[in-house]
Amino acid sequence: MNADAKKTVLRMIPYGIYVLTADDGQGNIAAATVNWVTQSAFAPPLVVVGVKADSGSYQIVKAAKTFALNMLGKDQKSLAFTFFRPADVKEGKLSGQPFHKGSTGAPILTDAPGAVECRVSSIVEHGDHHIVIGEVVEAHLNKPLSGRPDAAILEMKDLGDNVFYGG
Ligand SMILES: Cc1cc2nc3c(=O)[nH]c(=O)nc-3n(C[C@H](O)[C@H](O)[C@H](O)COP(=O)(O)O)c2cc1C
């Protein structure tokens, strides 16, 4: 296989940008910017997320058995960069961002236009990222959207010419 072709062609896949959050109830809170996300079923509503197997966030999602996907808005590039770094909770804020706990306990970012909460239904352990399959059990529309919902999301291509995750 030609390594350059593999990288370039895989980078043709378009991605939205999300903040994956989870709270294991033992004082550990995860919040990581992710892009390897898609819906995978209508009934039940399922989403899948590729989560770095050696990350702190993965351990917390596994222990919590629940997580949230906070959808970032078109103008929230700086929030994406905030959660590329390990998260901290100080003075009731998550890496400086206001949040509240959802019904699953997962942090919901107040400023994200929308979020879904999921129960982990299974995990496929294959490769350096594991596929976490979540059943959507709660949805939050924090702000009214105008136009197509998929036009409102921050996308990988909005992060700059040299930012990729994939290839
Ligand atoms: C552009 C970009 C996209 C990313 N997408 C993912 C992803 O889909 N899945 C993932 O597990 N990590 C992804 N990451 C890495 C996480 O953001 C990062 O590992 C995490 O925030 C570090 O915190 P943690 O180790 O405490 O979880 C991405 C990083 C960048 C720069």
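In this predicted model, Lys101 has Pro107 of β9 as its bridge partner. Strand β8 spans residues 97–101 and is joined to β9 by three bridges, with the two running antiparallel. Both belong to an open sheet of four strands, ordered β6-β7-β8-β9, with antiparallel pairing. β6 (89–90) and β9 (107–109) are the edge strands; each has a single partner, so one side of each has no neighbour in the sheet.

Pro107 also turns up in the surroundings of Ala22. Beyond four places in sequence, Ala22 is in contact with residues including Ile29, Ile60, Phe67, Ala106 and Pro107.

Ala22 belongs to the largest nonpolar core, which has 19 residues. Leu20, Ala22, Val34, Val49, Phe67 and Leu69 have the most contacts inside this core. β1 (18–23), β2 (29–34), β4 (46–52), α2 (56–64), β5 (66–71) and β10 (114–124) each supply at least two of its residues. Helix α2 gives the largest share, four residues. A second, separate core holds 15 residues, among them Tyr15, Ala31, Leu94 and Phe99.

Now the ligand. It is surrounded by 18 residues, and Thr33, Asn35, Gly50, Lys52 and Ser57 are the closest.

| Residue | Protein atom | Ligand atom | Distance |
|---|---|---|---|
| Gly50 | polar backbone atom | nitrogen | 2.9 Å |
| Gly56 | backbone N or O | oxygen | 3.4 Å |
| Tyr165 | polar side-chain atom | nitrogen | 3.5 Å |

How much of the ligand's accessible area does the protein cover? On its own the ligand has 640 Å², and the protein covers 84% of that area.

Definitions and conventions:
Residues numbered from 1 in each chain as written. Predicted model: local features only at pLDDT ≥ 70, side-chain atom pairs only at ≥ 80, totals over all residues. Heavy atoms only, no water. Pairing = 2+ DSSP bridges. Core = buried A, V, L, I, M, F, W, Y, C linked by side-chain atoms within 4.5 Å. Buried < 20%, exposed > 50% of the residue type's maximum accessible area, 1.4 Å probe, protein only. Contact = heavy atoms within 4.5 Å. Near = heavy atom within 4 Å. Polar contact = N/O pair within 3.5 Å; in protein donor to acceptor, adjacent residues only side chain to side chain. Areas by Shrake-Rupley, 256 points an atom, 1.4 Å probe, with all protein chains shown as cover.
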